[in-house]
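Here are my notes for you, written as a few numbered points. Keep the structure open on your screen while you go through them.

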Amino acid sequence: MPLLVDLAVEGGRATAGGWLCPSRDEDITYALSLIAGVSVELHQWSGTFHGSQAILSAEVSQRQIAELAAVLRRALAE
């Protein structure tokens with residue numbers, strides 16, 4: 001199961017993880033296993049690692065946070 005985020009969104013799933021995250025391959029395999037049954041969003045950010053979004057000054061962290069916030073807003077709006 002992905003460590004970062006796994007949310008039901010718009011009848012599907014949104015899954016995200018860091019590119020260098022220890023569970024990256026599992027995240028991708030998990031997302032691919034869902035494709036047969038639901039729509040899937042898989043978010044991966046090149047050069048990131050598990051927890052790297054905590055480095056708030058990094059541009060990629062700001063993109064991660066913005067994308068994850070957008071996914072969460074969509075999930076909560078349902």
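1. Let's start with something you can count: how many salt bridges are there? The count comes to two. Keep in mind that this is a predicted model, so we're talking about computed contacts here.

2. Arg24 has a relative accessibility of 22%, so it counts as partly exposed. Asp25 is partly exposed as well, at 48%. As a bit of background, side chains of opposite charge can pair when their charged atoms come close.

3. The other bridge links Arg63 with Glu59, at 3.3 Å from N to O. Have a look at where they are: these two are four residues apart in helix H2, which means that about one helical turn separates them. Glu59 is exposed, with a relative accessible area of 57%, while Arg63 is partly exposed at 41%.

4. Now turn to helix H1, residues 24-34. Which of its residues are buried? You'll find Asp27, Tyr30, Ala31 and Leu34 in that group. They sit on the same side of H1, because they cover an arc of only 95° around the axis.

5. Next, the surface. Trp19, Leu20, Phe49 and Ile55 make a nonpolar patch of about 400 Å². Take Leu20 from that group: you can find it in the loop between strand E2 (12-18) and H1. Is Leu20 buried or exposed? With a relative accessibility of 58%, it counts as exposed, since the cut-off is over 50%.

6. Trp45 tells another story. You'll spot it in strand E3, residues 40-45. Its relative accessibility is 5%, so Trp45 counts as buried; the cut-off for that is under 20%. Trp45 and Gly18 are 27 residues apart along the chain, yet their C-alpha atoms are separated by 5.9 Å.

7. Finally, how far should you trust the picture? The chain has an average pLDDT of 77, and 81% of the residues score at least 70. Confidence is highest in helix H2 (residues 59-77), with a mean of 86. Strand E1 (residues 5-9) is where confidence is lowest, at a mean of 54. Where pLDDT is low, the predicted coordinates should not be read in detail.

Note on methods:
Residues are numbered from 1 along each chain as its sequence is written. This is a predicted model: local features need pLDDT of at least 70, side-chain atom pairs count only at pLDDT 80 or more; totals for chains, interfaces and linings use all residues. Side-chain values use heavy atoms; hydrogens and water are left out. Buried means under 20% relative accessible area, exposed over 50%, partly exposed in between (1.4 Å probe, protein chains only). pLDDT is the predictor's confidence in each residue, from 0 to 100. The arc is that of the directions from the helix axis to the C-beta atoms. Patches are made of residues with over 30% relative accessible area and no salt bridge: like charges are joined within 9 Å, nonpolar side chains (Val, Leu, Ile, Met, Phe, Trp, Tyr) within 5 Å. Accessible areas come from the Shrake-Rupley method with a 1.4 Å probe; for residues, only the protein chains shown count as cover. A salt bridge is a side-chain nitrogen of Lys or Arg within 4 Å of a carboxyl oxygen of Asp or Glu.
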